[in-house]
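Please examine the sequence and the model shown below.

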Amino acid sequence: GGTTIAVLGCGVDICYPRNNAGLMREIMGRGLAVSEFEDGTEPKPYNFPVRNRVISGLSLATAVAEAGLNSGSLITAERAAEQGRLVYAVPGNINRASSIGCNRLIQDGAIALAVFDDIALDLGFKRLKAQERRENELGEDEKAVYEALRRCGEMSADELCADTGMPAWKMNGLITVLEMKGMVGTAMGRVFVSGV
């Protein structure tokens, strides 16, 4: 229900990649597509760092979730810092190549991001009332799982069992219920807070 601003590394008359044509139409209908490149400008690799400067300039804060050592996200974060914006990075496993960029950002002064609420509170936003209402409607066991995830950011089902003392069969059911309620998400064997 929000709006999207797509900042392009090509002219606004070009959809890149082409298979995003449906998404492009949807953004143009409900949001905005902008570019500082003239119509007809093809998407070249050197256009994207230029584009990233515009993305960070339009934003109050920049959060990098994953980044390898040569990721374009790092360029965006650097531009954001130059523009006086808040820069956040999600800490990651030091043995994963996709975490090196984020860990370096934190080492260089970016704010370590544990939960989305950190950004919202830093920018002066209050938590969404609907989210608070949903949290108040959780059962005791659901709250225990949800609070463990809020503390840690993301966990495996086994880690949740160890943290809460609940058996695996019960944990799997609670995760499913919380996912159906839109409170948590799951991906690649990890459970994380969603909808905040």
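The protein chain contains nine helices and eight strands. The model is predicted. Its C-alpha trace spans about 60 × 40 × 35 Å along the principal axes.

**Overall chain**
- Of the 196 residues in the protein chain, 32% are buried.
- When contacts between residues at least 6 apart in sequence are considered, 58% of them join residues at least 24 apart.

- In soluble globular proteins, nonpolar side chains tend to be buried together.
- The largest nonpolar core has 17 residues, and Val145, Leu149, Leu160, Met171 and Val184 touch the most other members.
- At least two residues of this core come from each of α7 (140-152), α8 (157-164), α9 (168-180) and β8 (190-193).
- Another core, of ten residues, lies apart from it and includes Val64, Ala80, Ala89 and Ala110.

**Contact of α8 with α9**
- Two packed helices are described by the angle between their axes and the distance between the axes.
- The axes of α8 and α9 come within 10 Å and cross at roughly 110 degrees.
- Angles of 65 to 115 degrees count as roughly perpendicular, and α8 and α9 are therefore roughly perpendicular to each other.
- The crossing in which α8 passes α9 is right-handed.
- On the α8 side, Ala157, Leu160, Cys161 and Thr164 take part, and they meet Ala168, Met171, Asn172 and Ile175 of α9.
- Sorted by class, this contact of α8 with α9 has six nonpolar residues, two polar residues and no charged residues.

**Contact of α7 with α9**
- The axes of α7 and α9 also come within 10 Å, crossing at roughly 85 degrees.
- That angle makes α7 roughly perpendicular to α9.
- Asp141, Glu142, Val145 and Tyr146 in α7 meet Lys170, Met171, Leu174, Val177 and Leu178 in α9.
- By class, the contact of α7 with α9 comprises six nonpolar, no polar and three charged residues.

**Serine 156**
- Serine 156 is placed in the loop between β6 (154-155) and α8.
- Is serine 156 buried or exposed? Its relative accessible area is 15%; buried means under 20%, so serine 156 is buried.
- Leaving aside residues up to four places away in sequence, serine 156 touches Gly189 and Arg190.

Conventions: Residues are numbered from 1 along each chain as its sequence is written. This is a predicted model: local features need pLDDT of at least 70, side-chain atom pairs count only at pLDDT 80 or more; totals for chains, interfaces and linings use all residues. Side-chain values use heavy atoms; hydrogens and water are left out. A nonpolar core is a set of buried Ala, Val, Leu, Ile, Met, Phe, Trp, Tyr and Cys residues joined through side-chain atoms within 4.5 Å. Buried means under 20% relative accessible area, exposed over 50%, partly exposed in between (1.4 Å probe, protein chains only). Helices (H or I, at least four residues) and strands (E, at least two) are DSSP runs, numbered from the N terminus. Axes are lines fitted to C-alpha atoms, for helices over the stretch in contact, and angles run from 0 to 180 degrees between N-to-C directions. Angles under 35 degrees count as roughly parallel, over 145 as roughly antiparallel, 65 to 115 as roughly perpendicular and the rest as oblique. A crossing is left-handed if the near helix is turned anticlockwise from the far one by less than a right angle, and right-handed if clockwise. Contact means heavy atoms within 4.5 Å. Ala, Val, Leu, Ile, Met, Phe, Trp, Tyr, Cys and Pro count as nonpolar, Asp, Glu, Lys and Arg as charged, and the others, Gly among them, as polar.
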